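Tutor: Welcome! Take a look at the sequence and the structure, and then ask me whatever comes to mind.

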Amino acid sequence: MLLLQSARKPPKSQGRIGLAIAGGGPIGGMYELGALRALDQAIEGLDLTRLEVYVGVSSGAFLAAGLANRMSTGDMYRLFITGDSHEVRFRPEIFLQPAFLEYLQRAANLPRLAYEWWRDILTDPTGSHLSDVVGRLGGLIPTGIFNNAEIERYLRSVFSSRGRSNDFRELERPLYVVAVDLDNGKAVRFGGPGWEDVPISRAVQASAALPGLYPPVDIRGHHFVDGALRRTMHASVVLDHGVDLMLGINPLVPFNASRAHSHPEGLDKLAEGGLPVVLSQTFRTLLQSRMQVGLAKYAQQYPTVDQMVLEPNEDDGEMFFTNIFSYSSRQRVCEHAFRSTLADLRKQRAVLGPMLERHGLRLRDEVLDDPDRSVEKGLGKSHRSTETTARLHRALDDVDALIAKRRTRHRRTNTRRR
């Protein structure tokens with residue numbers, strides 16, 4: 001589904017584009033990668049690695065940090081999907097490593113709590129303090145099932161090679177990764193004032209620490225969890241940068257069973273899927289509701305900004321019923337998102353085309369109307385390169401971008417003179 005909100009008072013655009021990417025677990029991230037790949041191919045003049053500002057939440061922070069580090073959608077597709085990248089090999093199992101250390105640390109408290117339990121029973125036969133003891137037993141439950149330390153190490157290795165940086169302050173364009181401080185419930189923008197010295201890999205680890213699945217991440221004595229607990233996309237961070245066009249991606253939407261063409265076998269009603277399906281629908285409904293309220297508010301607060309948000313259709317059973325941690329499905333989901341996004345762009349071509357033209361962009365009809373277009377088209381062959389050649393390639397890419405920018409500026413000047 002493509003949500004468009006045209007500026008009520010559109011000024012002359014300077015071509016400043018910002019990107020906000022929400023969370024959605026590993027499969028949500030693969031949907032976002034497919035959608036980004038579709039935008040990359042379908043919109044002429046759009047360079048996702050050279051936008052005005054980037055904001056990422058949870059799994060969206062992985063992609064936002066990659067784009068801000070000049071990793072193309074093709075680079076990330078090779079890294080996370082096909083596995084034929086010559087960089088550090090991506091291993092999906094790093095997301096599912098049990099948090100054994102925390103299990104042991106929690107279990108170490110068992111003897112003390114057991115002693116207190118027996119003491120209270122012997123000294124208070126009425127059991128009036130039993131509820132307090134039961135409450136203390138909650139301290140034995142780990143704060144996260146899986147360990148996220150390996151995720152941070154992997155990202156650190158990716159962002160510290162081939163001319164990239166794991167330091168917010170060294171990036172060419174602003175990047176903000178949002179997490180929530182567990183001790184006060186406030187959102188923190190890593191990359192912003194006071195938090196720009198935190199490594200990007202550490203910030204992404206904190207932003208993706210979904211409570212219950214991953215333990216909170218300790219940074220300067222503060223414990224951080226998933227940034228989606230406060231807002232879905234944190235798009236206001238992008239809008240506050242004075243952009244002319246805001247692009248947003250939200251992979252989690254509630255499923256409309258009444259409009260769906262098909263359901264998993266034996267599942268005519270969502271409640272029949274049990275607690276996991278009910279919780280998934282509830283969580284998605286909350287996230288989308290907050291996003292819709294935010295977009296309506298932003299239309300009033302930022303009347304000069306065009307907004308374009310991509311998300312799955314409400315009858316998209318492929319996205320709803322795919323296991324959020326099913327890494328074997330990542331290529332299928334990415335391709336599905338790619339084709340769905342192209343279909344949405346095609347459906348709203350008449351409205352979207354003029355909006356994009358205001359910002360110096362153009363829809364590629366040859367891409368939208370190509371029935372055989374796939375997410376892998378245009379990737380080419382993967383070539384092994386050294387650290388030196390990778391840096392040289394980035395330098396040449398800078399030159400190409402500078403030339404293209406000057407040509408665009410010259411073309412606009414000539415158009416105004418006419």
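**Questions about the fold**

Student: Between which two elements is the loop where His234 lies?
Tutor: Helices here are DSSP runs of H or I with at least four residues, and strands are runs of E with at least two, numbered from the N terminus. His234 is placed in a loop, with a strand on one side and a helix on the other. Those two elements are β8 (222-226) and α9 (235-239).

Student: Before we go on, how many helices and strands are in the protein chain?
Tutor: This is a predicted model, in which local features need pLDDT of at least 70 and side-chain atom pairs count only at pLDDT 80 or more, while totals for chains, interfaces and linings use all residues. Residues are numbered from 1 along each chain as its sequence is written, and side-chain values use heavy atoms, leaving out hydrogens and water. For the protein chain, the count is 15 helices and 11 strands.

Student: Is His234 buried or exposed, and what is its relative accessible area?
Tutor: A residue is buried under 20% relative accessible area, exposed over 50% and partly exposed in between, with a 1.4 Å probe and protein chains only. By that rule His234 is buried, because its relative accessible area is 6%.

Student: What is the phi of His234?
Tutor: Most residues other than glycine have a negative phi. His234 is not a glycine, yet its phi is positive. Arg162, in the loop between α7 (149-159) and β5 (175-181), also has a positive phi of about 55° without being a glycine. For His234 the value is about 55°.

Student: Which residues does UniProt list for "active site"?
Tutor: The listing comes from an unreviewed UniProt entry. Such positions are given in the numbering used here, with shortened feature names, and annotations may be inferred rather than shown by experiment.

Student: What is the largest C-alpha distance between them?
Tutor: These residues are spread over 169 residues of sequence, but they cluster in space. Ser58 lies in the loop between β4 (53-57) and α2, and Asp226 is in strand β8. The largest C-alpha distance is 5.9 Å.

Student: Which residues does Ser58 touch, leaving aside those up to four places away in sequence?
Tutor: A contact means heavy atoms within 4.5 Å. Ser58 is buried, because its relative accessible area is 6%, and Asp226 is buried at 5%. The residues that Ser58 touches are Gly23, Ser207, Ala208 and Asp226.

Student: How many of the 18 residues of α1 are buried?
Tutor: The expected span of a helix is 1.5 Å times one less than its number of residues. For α1 this gives 26 Å, and the end C-alpha atoms are 26 Å apart, so the two agree. The helix is mostly covered, and its number of buried residues is 17.

Student: How far apart in sequence are the parts tied together by Glu172 and Arg70?
Tutor: A salt bridge is a side-chain nitrogen of Lys or Arg within 4 Å of a carboxyl oxygen of Asp or Glu. Glu172 and Arg70 form one, with their closest N and O atoms 3.0 Å apart. Because Glu172 lies in the loop between α7 and β5 and Arg70 in the loop between α2 (59-68) and α3 (73-82), the sequence separation is 102 residues.

Student: In which helix do Glu152 and Arg156 both lie?
Tutor: Their side chains meet in a salt bridge at 2.6 Å, N to O. Glu152 counts as buried at 9% relative accessibility, whereas Arg156 is partly exposed at 36%. The two are four residues apart, about one turn of their helix, which is α7.

Student: How many salt bridges are there?
Tutor: Side chains of opposite charge can pair when their charged atoms come close. Arg349, Asp365 and Asp369 are even linked in a network of salt bridges. By the 4 Å rule, the count of salt bridges is 15.
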